[in-house]
Amino acid sequence: MDLMWCVLAAALLPLFPASWLFNRAVARLPIGAAQGVAALVLPQLGLALLRLAPAAAAWPHAARDGGMVVATLSALLYAVRALSARDLGIWTRLVLSSGLATIWLAWLAGTPFGALRVMALGWGLPAAVALVLAGVLVRRMGGAYIGLQGGLVAVMPRLTASLVLAILALTATPVFSPFFALWKGLGAIPVAWLPFWLPLLFLWGWAAGRLFQDLLFGDYRGEKVADISGAGVAVIALVFVASVALSFVANGGAL
């Protein structure tokens, strides 16, 4: 029964193969705010379940190593899958699933749950912003497939700028909150494991670059649509500033 708590947690704090439940649950919700809330709430619920499991320190050394192997493979699998995704909602869910695997590394190393909650929030906030923006694209353009029209920046510069920030944050670009979450997760594992995680940074950057290519370059081929408001951009900017501030505070304290 103790192991069952870990399995249940892996379905909400996504870890392959149970992670398909997380992705299926989010995908079944309406694209936009509903999926954004799920990206924030489900990992926190997963941590609540994980807290009921035996502490990782009580696990045999081989079991902890096995957990790190599963987390590593899960992160790499979803990063590779993100390379072929052009639908913004799908891309966001895949990269989020990849990033959240680093939280398992920190848990296996005995990181306090307060710090783990901050890490999950750090990954969830940019994902929530990207999913909300995907909802805007679906309502105004009929879909969030980035490669369909090309050069979206020409008609929706404010939404595009906000989306670029969300993508940079979600791929753990330094200064953004997922960078600190990644730093904490990788900093909790033995140095010998780092070579297996370094390709993840390359895969995330590659996935972001392919999305930017369709988002920022090329001639726009769709109909003219309304951009998001300046107030909306300001709210998104405040979300990122708040998340970065929270990460700095946590990095100096609990992290």
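Which hand, left or right, has the crossing of helix 5 and helix 7? The crossing is left-handed. This is a predicted model, with local features needing pLDDT of at least 70 and side-chain atom pairs pLDDT 80 or more, while totals for chains, interfaces and linings use all residues. Residues are numbered from 1 along each chain as its sequence is written, and side-chain values use heavy atoms, without hydrogens or water.

**View 1. Helix 5 (residues 88-108) packs with helix 7 (residues 157-170).** The angle is about 25 degrees and the axes are 10 Å apart. Helix 5 is therefore roughly parallel to helix 7 (angles under 35 degrees count as such). Leu88, Trp91, Thr92 and Val95 of helix 5 make the contact with Leu163, Ile167 and Leu170 of helix 7 (contact means heavy atoms within 4.5 Å). Six of these residues are nonpolar, one is polar and none is charged.

**View 2. Helix 4 (61-82) packs with helix 9 (residues 194-216).** Their angle is about 20 degrees, with axes 9 Å apart. The two helices are therefore roughly parallel to each other. This crossing is left-handed. Helix 4 contributes residues including Ala71, Thr72 and Ala75. Helix 9 contributes, among them, Phe196, Trp197 and Pro199. The contact has 13 nonpolar, one polar and no charged residues.

**View 3. The largest pocket is lined by 16 residues.** Cys6, Leu15, Trp59, Val70 and Trp104 lie nearest its centre. Helix 1 (2-12), helix 4 and helix 5 each supply at least two lining residues. The lining has 14 nonpolar, two polar and no charged residues.

Definitions and conventions
Axes are lines fitted to C-alpha atoms, for helices over the stretch in contact, and angles run from 0 to 180 degrees between N-to-C directions. Helices (H or I, at least four residues) and strands (E, at least two) are DSSP runs, numbered from the N terminus. Angles under 35 degrees count as roughly parallel, over 145 as roughly antiparallel, 65 to 115 as roughly perpendicular and the rest as oblique. A crossing is left-handed if the near helix is turned anticlockwise from the far one by less than a right angle, and right-handed if clockwise. Ala, Val, Leu, Ile, Met, Phe, Trp, Tyr, Cys and Pro count as nonpolar, Asp, Glu, Lys and Arg as charged, and the others, Gly among them, as polar. On a 1 Å grid over the protein atoms alone, a cavity is a set of points where a 1.4 Å probe fits but cannot get out, and a pocket is an open set with protein on both sides within 12 Å along at least five of seven lines; lining residues have an atom within 4 Å of a point.
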